[in-house]
Amino acid sequence: MHEKLIFEHSAPGRSADAQYPRVPVEAPVPAALRRASPPLLPEVSELQAVRHFTRLSQLNFSIDTHFYPLGSCTMKYNPKACNQYAMLPEFINRHPLAPESTGQGILQILCELQDMLKEVTGMRGVSLTPMAGAQGEFAGVAMIRAYYKARKDFARIEIIVPDAAHGTNPATATMCGCTVKEIPTLPNGDIDLDSLQAAVGPQTAGIMLTNPSTIGVFERHIDDLRRIVHEAGGLLYYDGANLNAILGKVRPGDMGFDVIHMNLHKTFSTPHGGGGPGSGAVGVSERLLPFLPVPIVGRESDRYRWLDEKDLPQTIGRLSNFMGNTGVLLRAYIYMRMLGRDGMQRVSEFATLNSNYLAARLRVAGFELAYPERRASHEFIVTLRHEAHEWGTNAMDFAKRLLDYGFHAPTTYFPLLVPECLLIEPTETESKEELDAFVDAMIAIRHEAETEPDKLKGAPWTLPVRRLDDVRAAKQLDLTWKAA
Amino acid sequence: MPFIPHTEDDIRTMLEAIGAPDIDALFEEIPANLRAPGLPGVPPALNEMEVGRLMADFATRDGRPLNFIGAGAYEHHIPSAVWSIVTRGEFYSAYTPYQAEASQGTLQLLYEYQTMMASLTALDISNASLYDGASGLAEACLMAVRANRKSKSQRILLPVALNPTYRDVVQVIAGNQNIAFELLPYDQKGGQTLVSALDQYTGQDITAVALQQPNFFGTLEDVDAATDWAHANNALMIGVVNPTSLAVLKPPGQWGKLGADIAIGDGQPLGVPLSSGGPYFGFMATRKEHVRQMPGRIIGRTLDLDGKSGFTLTLQAREQHIRRAKATSNICTNQGLLVTAATIYMSLLGAKGLAQVAATSMQRTQQLVDALTRVPGVRLAFDRPRFHEAVLLLDRPVKPVLESLARRGIIGGADISARFPSLGAALLVCATETRTLADIDTYAQALTETMRNSAAAA
């Protein structure tokens, strides 16, 4: 299946003019500031545009069409109600700077969302403004820096990250002007506490950690870890990428974390949209409350208003032009209200059940789990090092062949410390039948790897394109279309 | 169980396969002293009908007032086709297109988007989006520091007439990296940035100069002179632009003799509703030679094993998942779905439609200014040519006037007095093509009455 570029549907003089303002007028722009020639935008009819983009959509895998077990991404079902009610005309037509008196409904929603997120994380305060996980991380580390600056402890600029950490962790630390120190993970999946003890000191600003970790196991010595970091004067940062695993079971605040970001587009089921928008709300413990990014919704008797720099003079400040990705926050709110307190606990229960079931079945089928002696959390790792060694079929080959079988591939080659790995996260919204079908596909592919390895190495065979040449893409840059 | 498909039989079979007595046993590695007793602070579940009613009640409370605010977010007509396609599950519920072969729809769309944005800004290349315009400017400043190898100073000049929140956000995001921001004043009569203020920096090491076109007041800037000054002084030029305006205004790539080096802005006007503040998206375009310094996702066209053309994420060696602490930015998830909306919007409007939206918005704002400045106690702040916003000066504090208008169902503009104290009581207003002459008349009458009543009360 192939779809031409929209520009190739274009013909001079064609238009979708039902969308134009009715009366054409000349723009009164001074000659020196006027655009000389029009931009290259398509000239198509409305039907041509609709058909083109609908066809493009059909070239995608998505949750609505495929099992999508992408590890650490929490690709769960996005209930349709969340979209429907977040797009009520009053919400989507509201200007963010309209007076608060005209936005009491939406402010109440956001205030209740802050309160629910405090409850599920065990943190004292929440700000909803960060626009994605990485911006939430930025806010978190910036708050840690602001905290030490306020204490005039200028030496604390080092952030410790485990070697299994997501790439945004070290990248964020750098953006905040911190240096990064990596510490190793033990063969059993826990963090090497001796290395941690050796790493901390008067330069330690904090540690960035996700628990369960990116290798899909719960850090059992979290109490000791917290003690080591806090005793050294550092703070604990919780990367909420894996919050789905522990919702209602254990709270980051109770584990002793000082700051957390949540990916509402993972745990709270707002759509990933083919790469965003996300939302990276942050929560903090008592001592970081003054530094939260603004604006935050405050409640005074029965009125709601935005708290800003005047209310929080020590805030790290603003991260966006307005108040973050409000539309995403509305979707998260609706989802949380539909789950309720019991439904939220079921999320982690069934996400973990699905993950452990899938792990158990794959293990019985002969696949090697990276941490077989550990209980899987909401995700787990299969290492295909034997398959790569014996038959020359690596993790990427398995991933691409899975696409032919109608499954989106798991996360590949992450975390970096496990060779030839697939990080598999089924989420709670998948049925047993779907998981069984995935296992069947993995078994069939493994058989192909042994008998017809070219079927994997050449995969995918049945998608709109076959395997793409990434090296060529980077060397012979073709980033925009040009008319022939 | 909402959104969980398991039957009792399923649960039993699955636990047997795992070898666990019950679901709770799956959490045995969590130390007992840390286990939460549940979430009593979260309300009980609602079904879809109940949550629908709840949301409708909230929405009704907020109503649908008539809006005359811009200030960085603009109410334009959005064709029905845009969000009808955007919310298709295949776009809405897909992830970042890491598995290129299973994401050709998203990838091809982003390639088309990059082409449209490069052309709209008259620069070589565009990335696939940033979070919003404000954080996009912060990324542009960080990029300029990396890209301008002739400069060692990390000094960047920003205009006072830049959206003040953009300046706040830039300080927060880039502030931890030892970049010094210095301010260029504006002309109190015309509202444009004083290009002559650049003279005091001539011969100094300046990393970059940013200019917003149109600026926060809606005034058109002398972008050519500023760009030429920047290049004569080995500084990079950053253009902060409104995408709608680019259909009629000289694009950044053609500013001055050489063109701006980086263009950024908020893409919200291109088919994204006001949405109470977001999600919007930031766009960024630049020259070819700076591509490896650009933050964010970039899509390239390449060939597959059969020699057929296809699309993939490229230049990933810049990004956090490869470069970790040395990445160009920590950005990962961006604003893909909003870019989907913008691409469909630009396809439907085309160059001609977008130019008409821009021209009609300029005309409507002029009509709004004419009508409101006839109201006693209201005058225009700046006399220079503008795009689709204007600053009005009132003879009394703005906030009570806006509250009074809000009670009449009119959102009368943004009160910018606190951010620009030298202006006095200043109100930033905007009318796009979505406001009719009748709307403008309604506003003018309401303002007349409000001003009369509050004068009477005073």
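## Strand E15 of chain B

In this predicted model, strand E15 (residues 426-430) of chain B is mostly covered, with five of its five residues buried (20 or more other C-beta atoms within 10 Å of the residue's own, C-beta atoms being placed from the backbone). Strands are DSSP runs of at least two residues and helices are H or I runs of at least four, numbered from the N terminus. In a regular strand the side chains alternate between the two faces of the sheet. B:Ala426, B:Leu428 and B:Cys430 point one way from E15(B), while B:Leu427 and B:Val429 point the other way.

## Strand partners

E15(B) pairs with strand E12 (residues 389-394) of chain B in the antiparallel sense over five bridges; pairing requires at least two DSSP bridges. In this pair, B:Leu393 stands opposite B:Ala426.

Strand E14 (residues 414-415) of chain B also runs antiparallel to E15(B), joined by two bridges. Here B:Asp415 is opposite B:Leu427.

Helix H4 (residues 104-121) of chain A packs against helix H2 (residues 48-62) of chain B at an angle of about 135°, with their axes 6 Å apart. Axes are lines fitted to C-alpha atoms over the stretch in contact, and angles run from 0 to 180 degrees between N-to-C directions.

A:Gln104, A:Gly105, A:Ile106, A:Gln108 and A:Ile109 meet B:Phe58, B:Ala59, B:Arg61 and B:Asp62, contact being C-beta atoms, placed from the backbone, within 7 Å.

## Basis

Residues are numbered from 1 along each chain as its sequence is written, and chains are lettered from A in the order in which they are written. Local features need pLDDT of at least 70, side-chain atom pairs count only at pLDDT 80 or more, and totals for chains, interfaces and linings use all residues.

Key. Buried ≥ 20, exposed ≤ 12 C-beta atoms within 10 Å, placed from the backbone. Contact = placed C-beta atoms within 7 Å.
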